[in-house]
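Try each task before reading its solution.

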Amino acid sequence: MAQSESKKIFFENLYGAGKAIAVLTSGGDAQGMNAAVRAVVRMGLYVGAKVYFIREGYQGMVDGGENITEATWESVSSMLQVGGTVIGSARCKDFRTHEGRLKAALNLVKLGITNLCVIGGDGSLTGANLFREEWSGLLAELVEQGSIEQQSVQTYSALHIVGMVGSIDNDFCGTDMTIGTDSALHRIIEVVDAIMTTAQSHQRTFVLEVMGRHCGYLALVSALACGADWVLIPEMPPEDGWEEKMCQKLSATRSRGTRLNIIIVAEGSIDRHGKPITSSIVKDLVVKCLGFDTRVTILGHVQRGGTPSAFDRILASRMGVEAVLALLETTANTPACVVSLCGNQSVRLPLMECVQMTQEVQKAMDEKKFEEAVKLRGRSFENNLKTYKLLAHRKPESELPISNFNVAVLNVGAPAAGMNAAVRSAVRVGISEGHKMFAVNDGFEGFYKGQIKEIKWADVGGWTGQGGSLLGTKRTLPAKHVGKIAEQMRTHNINALLVIGGFEAFLSLLELLTARGKYDEFCVPMIMVPATVSNNIPGSDLSIGADTALNAITTTCDRIKQSASGTKRRVFIIETMGGYCGYLATVAGLAAGADAAYIYEEPFDIRDLQANVEHLTEKMKTSIQRGLVLRNENSNENYTTDFIYQLYTEEGKGVFDCRKNVLGHMQQGGAPSPFDRNFGTKISAKAMQWVTKKLVETFRQGRVFANTEDSCCLLGMRRRALIFQPVVQLKGETDFVHRIPKEQWWLKLRPLMKILAKYKTSYDVSDSGQLEHVVHNRPKDSDASVAM
């Protein structure tokens, strides 16, 4: 639907009045399932429908009775941060039989339920679709048995199914990220980071076995995120003779002075002949061939447990709301669908098309068509594999192309977690493409002072997991020092620039573009990769570092809320970073279950503050014990955090008390999240490939000369794709006074946060997903795992 055709649903409309929706979780549990259940329940109640829990998955549907209970608003409170699924999940043999499905149909009809939201893997969703296809036949049978009246057949003639994929393996085709995958990656990376310190102490090799019996996504992405030396996955078994190649790689890494090796093995790894490759086989091989001190760590169910990440909470909340909208819009002829995310865009896909493609992957693997299996997994999986090979395996000098180009990399602006992963990626891709790479310390300040040195492949080893900026970064803009910078460019013969940073990096490129008129040295390809916790860069929906900051805020909010458990009713006022950009406050508010989030982009006055206090007072009179209010640091110069704290304290007297917290620079620190490591790695690799292409295009008569608009670009994530955009064209999209883009996609998430906090607000459904087909749901440059 076009943006202009704004279509809103209102609380007063009771869009779903008279409908009954049931939600169940089935198969293996995954972190984030509770957030999905919460969103389905609250959105269902918001539109006026009755909502039911089906406990213990399909078993509960077959057994009926107390397993199917009506849900209330309060029944899903305080579950957002809980891992697993609080409504239970079970494998159910009974539902696989016709008699079992007949019992399940009777239990649903008794309660008038004809809308099912199923959260599970492909087996659970296939079972739901079979149930839907048999529905009319099952009702006819129940009439024959005298279990229901003929009238019920007309009233409940069609069963509507919408699926959400909850699986830590990310093994379902058609969706970029399944609920639980990001949290599982967090568990793996936490373990890898911890293991690296002990491995370095003893010069050990560690073999880590991660989940993924039929899908190597977790193994591959965690290998990419931690810079593992070797990875083994079921979709792409190693070539014959891999044992010798692996040992040579490990030996070469040690000879360059590295004190540890990490090998990641997916539990379903096989060789080209279908023979299993286990972690113990790999360990024995390393010990036998190299004599290295080697240990095995099998992560097991640790990957399923723990608190869901901010990404999984937001994904599940968005998908839960989308699932309810999809159920309300279905007709008897609409196929069962899966709600999914492509880039940061909601999409709906026919359930069975996704299931069939998922089964095709397994079929290709069984038939040893491994390249086909990788392609069927999707563009994201394929890109991950290519990028890993590019960064992990150094080509011999003799095989490298000779380009004679010098490329400089620098960080500009405030530090952001993931910057180091981006620098490592740029350096290694640049070297692989034959360039000589130069590192500039301390941004443009270091540039004009001549703090420039060549950086080699081994120099960036182990950088992916490091927070902050190892190159050093400053906010200094180049305009005052262009003459000296041009001189340094000439001295070191710099032929291209890759700038990784925030709003200052964007301003810097605009200044260098202007300086081209005076200095030919700046007539070279220049590209910016956005990296800032504020996520305030025009031309990109996401920035490196924002996900790590979101997780820091969300985790802190969880702890702060928990500190009030068992005490009297309490409201916490929390101030977040972001400058004038309200991204962190809004999205962290959605992830942490905030009652309000005050931001600059959505002006508020004393009446709004009063309404929020009254709303919280009303909620506190029920069983809700804790409230959470987020405020962006520059949301309003008069309504400061102190003012809001004092107002809430005064107005809440006798009902709740208040506490305030200013989170400060803890949002900028810490090790980067798996998302930021991979986003930084992949976006930077793509930027370097663009640099190579532009260098070749603009090399004339023995020199590089690039003075067109499209030779000075920003590489950003836009909806579903990574796009190169000339910085000069982004000027019109920018509010330079407040350092934010004029239009921001995440503002559409604000009504969602308000609905889930029980506000009677309108919700724009014009941007909700439309039914698409699996084969055609990817644009050419889509890069799936940069989804939000």
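This is a predicted model: local features need pLDDT of at least 70, side-chain atom pairs count only at pLDDT 80 or more; totals for chains, interfaces and linings use all residues.

**Exercise 1.** Which polar contacts does the side chain of Ser 340 make with Gly 174 and Thr 175, and is Ser 340 buried or exposed?

*Solution.* 
- Step 1: find Ser 340 in strand E11, residues 337-342.
- Step 2: check its accessibility. Ser 340 counts as buried because its relative accessibility is 1%, and the limit for buried is under 20%.
- Step 3: a polar atom of the Ser 340 side chain lies 3.3 Å from the backbone oxygen of Gly 174. With Thr 175, the polar contact is between the two side chains, at 3.2 Å.
- Step 4: widen the view to its contacts. Leaving out residues up to four places away in sequence, Ser 340 touches Gly 174, Thr 175, Asp 176, Met 319, Gln 345, Ser 346, Val 347 and Leu 349.

**Exercise 2.** Which side chain does Asp 657 meet in a polar contact of 3.0 Å?

*Solution.* 
- Step 1: Asp 657 is in strand E22, residues 657-662.
- Step 2: its relative accessible area is 14%, so Asp 657 is buried.
- Step 3: the partner is Arg 570, whose side chain is joined to that of Asp 657 at 3.0 Å.
- Step 4: beyond residues up to four places away in sequence, Asp 657 touches Lys 568, Arg 569, Arg 570 and Val 571.

**Exercise 3.** Where do Gln 203 and Asp 442 lie, and what is the phi of each?

*Solution.* 
- Step 1: recall the background. Most residues other than glycine have a negative phi.
- Step 2: Gln 203 is not a glycine, yet its phi is positive, about 55°. Gln 203 sits in the loop between helix H6 (181-202) and strand E7 (205-210).
- Step 3: Asp 442, also not a glycine, has a positive phi of about 60°. Its loop runs between strand E14 (436-440) and helix H15 (443-448).
- Step 4: compare accessibility with the classes. Gln 203 counts as partly exposed because its value is 38%, and Asp 442 counts as partly exposed because its value is 23%.

**Exercise 4.** What is the radius of gyration of the protein chain, and how does it fit a compact globule?

*Solution.* 
- Step 1: a compact globule of 788 residues would have a radius of gyration near 28 Å; the protein chain has 27 Å, so the two agree.
- Step 2: along its principal axes, the C-alpha trace spans about 90 × 70 × 50 Å.
- Step 3: the protein chain has 24 helices and 29 strands, and 62% of its 788 residues count as buried.
- Step 4: among contacts between residues at least 6 apart in sequence, 79% join residues at least 24 apart.

Definitions and conventions: Residues are numbered from 1 along each chain as its sequence is written. Side-chain values use heavy atoms; hydrogens and water are left out. Helices (H or I, at least four residues) and strands (E, at least two) are DSSP runs, numbered from the N terminus. Buried means under 20% relative accessible area, exposed over 50%, partly exposed in between (1.4 Å probe, protein chains only). A polar contact is a pair of N or O atoms within 3.5 Å; within protein, one must be able to donate a hydrogen and the other to accept it, and residues adjacent in sequence count only if both atoms are side-chain atoms. Contact means heavy atoms within 4.5 Å. The radius of gyration is taken over C-alpha atoms; the globule rule is 2.2 Å times the number of residues to the power 0.38.
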